[in-house]
Amino acid sequence: MATQEVQLNETLVHLKTESESLKSKLEEERAKLHDVEHQVAEKVEGLGQFVMKTRRTLKGHGNKVLCMDWCKDKRRIVSSSQDGKVIVWDAFTTNKQEHAVTMPCTWVMACAYAPSGCAVACGLDNKCSVYPLSLDKNENLAAKKKSVAMHTNYLSACSFTNSDMQILTSSGDGTCALWDVESGQLLQSFHGHAADVLCLDLAPSETGNTFVSGGCDKKANVWDMRSGQCIQSFETHESDINSVSYYPSGDAFASGSDDATCRLYDLRADREVAIYSKESIIFGVSSVDFSLRLLFGGYNDYTINVWDVLKGTRVSILFGHENRVSTLRVSPDGTAFCTGSWDHTLR
Amino acid sequence: MTIRTARPDRVQHFRRLHCLKKLEAIVVEMQDPKSGLKGSEQKLNVTTIPHVIAGKDIIAWIANKMKITVEEAQAFGTMFVAYGYIYALQNHKKLVMCNDSSLYRFQTPYFWPTQKWVADDTDYELTFFNFLHPFSKQAHYNRLHKWLFHKWDFIVMQATEQYKASRERKKPDRVVFDCQERAYWIVNRPPVSNMFYQQAIMRSKVKSSVSLGALVKYITTYKNHDPFLAPCLPSNPWQTDNDSYWNLNMRRVDVPTKMRVERWSFSLFELLTDLRGRDDFKIFLKKEFSGENLAFWEAAEELKWGTAASMSTKAETIFKTFLAPGAPRWINIDGRTMGLTVKGLDHPHRYVLEAAQTHVFLLMKKDTFFRYLKSPVYKDIQKKSLNPQPHNFSQAQLEQNAQNRSPGIHPTILWKQEEEEKAKAAAAAAPVDVKAMMSKIDRKK
């Protein structure tokens, strides 16, 4: 027995040193290819001044707005709030489209519009259900709902894939999952986060097979939807990652975190390439989204900061909300972006 | 830093679930020697494991006991697995209950989630040492060394003690205990695969300058197409309250705008994602008699994103139409890919056509796409495309616009139209079944 103990100790020590060297080797490899920082961006011309105004204010929620999503027709949006209501709006005319669907519970932290425009998905507490939309104003939508996803902890985000038939969800139980809407079947689950997963975003690439998720373990993981494996992982934030969003080209993504910074990660170079922060910004970022050259961030200090993606400088700061900005999305054709806030409104 | 009122604390949420008490009561009932489920001994690999139950038996018991349908019982059963009251012996990572002969066991009360102890780091590390995958042990040392340095000697001692004790147990008991422990940790702390570091080091990376350069190039290409950087024609609907911009760019316009046509030339991906562009591409392909590649690509996309139930029928149709020798729309892919795909179609799953689809996409991207851009079809549409005049509304007109915002068309109406169009196109394109026609003629005679 004594010799076994000694053997065990030796293997432990051996493995320990091996793994430490592995990790430092990875950092070395990553650093080797980092030959330029912003020299490339310096040659690009700067952006002029931007005048961005609130064009619409959508009032109708009775409590904090927690999530919103655009419809592919570029003018309709769905929003969910802590009063348990999910409202579909035509943001252009500011009319409420459907009778607001009232949820049986108040934790409606996620909502998504289906690509066809014919349904919305809402995540309440630990379940996600899909509600088909109809033209008939009197129809009781709650009756037609289809329960799809089920987690063992709260649902933090949900999103349709390229079709109405599949939903991707992330949850406080540390996993993400892909579901078949028709049957409610679990198609694939993604394990790897060590804490709650707070956000996810699907890649806009031609193959459309990957997505990124961010969690309370400060990691942003890129996953392969086919195999359920984590392909890449980035751990440079100092606090929980509240929001992730892919760049339109699909080669990079940004994340916003409680440490008051947004960071840009390049997937091909496999590293963080830019940090968007300022000494004067100390409140966390709740949500981020991209336009071609601009990164919009909604912050917990009630403002929206607009950053130049290439130069890393702040282009503009927008005021208007009277409480923290909880969600932010750019419209599908890039003509506008919408924010939802704890002040019960959307702009 | 910020007050986390919006997110319930994970462990507290877990514990506060009163339903767990109810679940436990049912689990106890399930194990009742008289009215509960009967376990049996099953052979798994080489060891015989006692008290094993099949998934379908559990589901049948639940359905019977609670007077619910089989589907509901299956969802209910999945909850037992998800919370860790029942664990699967095969395929233990997927936390669902399957309505078939997959084997399950009841978890010992020691590991039930309502036990007051939190899934502690120390315990996790100990278990990790004992039986998880050897690769996992490697990179885990970092965490261990950092977090538990002060407890290091204690851990090593505990680990060796546990190791000794486990050696003394009989083999079947050990297997059972290992299964129980593993099941507990899969529910409470998902294992981090640490072959990951090895793979991460080997993966090919690109120099920062190259990737940043690509980003700059992307931005330069799309600069004039971004509504924040360049004015959109005729005007941004949010600024002028006039939605002609959206109407001009709808799915089924006869004449697209110049910007839209220009965007199609950026990449095959852009061309195919814009359905109007795809239509134009189809016109070109029809002239070249090479429409089957795009048709195959579209069918493969439908398979990937379709409902699970339709999978096998779709796969069969695709095989008959595109891949079978002598098929009416046979695609020309290399032998190896064809072989792999056909083999995969024996057990069709969502991604069975992935290899073939990528091959076809690359073919189109490297060859057909460029020929399209130089073709008369494309040049024609470029000439015809509209270049709307920018709006120049006066203040009064702007106010008028704000009063008369058009409601647009509801997406469900558009969707129905789309489906109808698709059905029409499919019917028109269906290859004529010569045999059936001939036999019809024969019968008439």
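Visitor: Which side chain meets A:Asp69 in a salt bridge?

Guide: The side chain of A:Arg329 does, at 2.8 Å from N to O. A salt bridge here is a side-chain nitrogen of Lys or Arg within 4 Å of a carboxyl oxygen of Asp or Glu.

Visitor: Before we go on, what am I looking at?

Guide: This is a predicted model, where local features need pLDDT of at least 70, side-chain atom pairs count only at pLDDT 80 or more, and totals for chains, interfaces and linings use all residues. Residues are numbered from 1 along each chain as its sequence is written, chains are lettered from A and ligands numbered from 1 in the order written, and side-chain values use heavy atoms, with hydrogens and water left out.

Visitor: What domains does chain A have?

Guide: Domain 1 covers 61–185 and domain 2 covers 192–346. The bounds come from an automatic or database domain assignment.

Visitor: How many salt bridges cross the interface between them?

Guide: The rule finds one.

Visitor: And how many residue pairs are in polar contact there?

Guide: Eight, with both residues at pLDDT 80 or more. A polar contact is a pair of N or O atoms within 3.5 Å; within protein, one must be able to donate a hydrogen and the other to accept it, and residues adjacent in sequence count only if both atoms are side-chain atoms.

Visitor: Which element gives the largest share of domain 1's side?

Guide: That is β2(A), with six residues. Strands are DSSP runs of E, at least two residues, and helices are runs of H or I, at least four, numbered from the N terminus.

Visitor: How much area do the two domains of chain A bury between them?

Guide: About 2300 Å², 68% of it on carbon and sulfur atoms. Buried area is the accessible area (1.4 Å probe) that two parts lose on being put together, summed over both.

Visitor: How many residues are in contact?

Guide: 31 residues of domain 1 of chain A touch 27 of domain 2. Contact means heavy atoms within 4.5 Å.

Visitor: New topic. What helices and strands does chain B have?

Guide: Chain B has 23 helices and four strands. Of its 445 residues, 43% are buried. Buried means under 20% relative accessible area, exposed over 50%, and partly exposed in between (1.4 Å probe, protein chains only).

Visitor: Which residue of chain A does B:Asp243 meet in a salt bridge?

Guide: A:Arg75, at 3.4 Å from N to O. B:Asp243 sits in the loop between α11 (237–240) and α12 (244–248) of chain B, and A:Arg75 in the loop between β2 and β3 of chain A, so the pair joins two chains.

Visitor: Are those two buried or exposed?

Guide: Both B:Asp243 and A:Arg75 are buried.

Visitor: What does A:Glu238 meet in a salt bridge?

Guide: A:Arg263, at 3.9 Å from N to O. The two are 25 residues apart, with A:Glu238 in a loop between β18 (230–234) and β19 (241–246) and A:Arg263 in strand β21 (residues 262–266) of chain A. A:Glu238 is exposed at 60% relative accessibility, while A:Arg263 is buried at 6%.

Visitor: And what does B:Glu270 pair with?

Guide: B:Arg263, with the closest N and O atoms 3.0 Å apart. B:Glu270 counts as buried at 14%, and B:Arg263 as partly exposed at 30%.

Visitor: How many salt bridges does the structure hold over all chains?

Guide: 28.
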